[in-house]
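Here is my note on the model, for you to check against the coordinates. It takes helix packing, then a strand pair, then aromatic rings.

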Amino acid sequence: MKPLQVYSEIGQLRKVLLHRPGGELENLTPKWLNDLLFDDIPWLELAKEEHDAFAKVFRDNGVEVVYLDDLVTEAIEAKPGIKEQFVRQFIEESQVTSETMKIKLFDYLMSCPSTKDMVRLTMAGIRKSQIPNFEIRTLSDHIRDYPFVTDPMPNLYFTRDPFSILGDGVVISKMHMPARSRESLYGDYIFKYHPDYGRDEI
């Protein structure tokens, strides 16, 4: 049996992909809400409680719940060299232009204690204050007090938007708004390299 088989929008739900609230909510700040397509800042602990109750409803009704960060982690760890490739692509899609910052950011992400920690960090957004020996190097850094090297991705909860299953295939959608354009990166790696959902298995 192929791992992906979705032929109905109203048929019995057997498996669902979710994203549990995380550090991306902690990185929402009032000044930059509009850029990140949010109207308010959710309370993270309550958001987690509500999410867990939501996921329990699925499980109690026999639906398997899988999580975005787990699948991305498993995909990256499936083959040697994928992690480095992922980090470089993430940096490129985050529009980091400074060659020095690209190197610092690559080293910082690769130094994470685990692949899952690294994946969650890309989702949460990376503050300038987190980068070891960060230095203000550009005019933009002096003028714009923007705190991030890479933006948070608080819209990942809408897991249907960047990728969806049609039959036994996948549609990966690159969204127009800058706040959401990188979300498709995760689906790209899941559906290329994951042991269960990778392209070789579809």
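**Notes on helix packing, a hairpin and ring pairs**

1. Helix 3 (residues 68–76) and helix 6 have axes that come within 9 Å and cross at roughly 125°. Axes are lines fitted to C-alpha atoms, for helices over the stretch in contact, with angles from 0 to 180 degrees between N-to-C directions. Helix 3 and helix 6 are therefore oblique to each other. The cut-offs are under 35 degrees for roughly parallel, over 145 for roughly antiparallel, 65 to 115 for roughly perpendicular, and oblique for the rest.

2. The model is predicted: local features need pLDDT of at least 70, side-chain atom pairs count only at pLDDT 80 or more, and totals for chains, interfaces and linings use all residues. Residues are numbered from 1 along each chain as its sequence is written, and side-chain values use heavy atoms, with hydrogens and water left out. Helices (H or I, at least four residues) and strands (E, at least two) are DSSP runs, numbered from the N terminus.

3. Helix 3 passes helix 6 in a right-handed crossing. Right-handed means that the near helix is turned clockwise from the far one by less than a right angle; anticlockwise is left-handed. Helix 3 contributes L68, D69, D70, V72, T73 and I76 to the contact, and helix 6 contributes T115, K116, M118, V119, R120 and M123. Contact means heavy atoms within 4.5 Å. The residues of this contact divide into six nonpolar, two polar and four charged. Ala, Val, Leu, Ile, Met, Phe, Trp, Tyr, Cys and Pro count as nonpolar, Asp, Glu, Lys and Arg as charged, and the others, Gly among them, as polar.

4. Helix 4 (residues 82–93) packs on helix 6 (residues 115–124) at about 10°, with the axes 12 Å apart. That makes helix 4 roughly parallel to helix 6. Their crossing is left-handed. K83, F86, V87 and F90 of helix 4 meet T115, M118 and T122 of helix 6. This contact has four nonpolar, two polar and one charged residue.

5. Strand 5 (residues 163–166) and strand 6 (residues 169–172) run antiparallel, joined by four bridges; pairing takes at least two DSSP bridges. L166 has G169 in strand 6 as its bridge partner. The two strands form a hairpin with two residues between them, and G167 in the turn has a positive phi of about 65°.

6. How many aromatic pairs are there? The count comes to five, for Phe, Tyr and Trp (six-membered ring) with ring centres within 6.5 Å; planes under 30 degrees apart are stacked, over 60 edge-to-face, the rest tilted. F54 and F58 form an edge-to-face pair, 4.9 Å centre to centre with 75° between the planes. Both lie in helix 2 (residues 44–60), four residues apart, about one turn of the helix.
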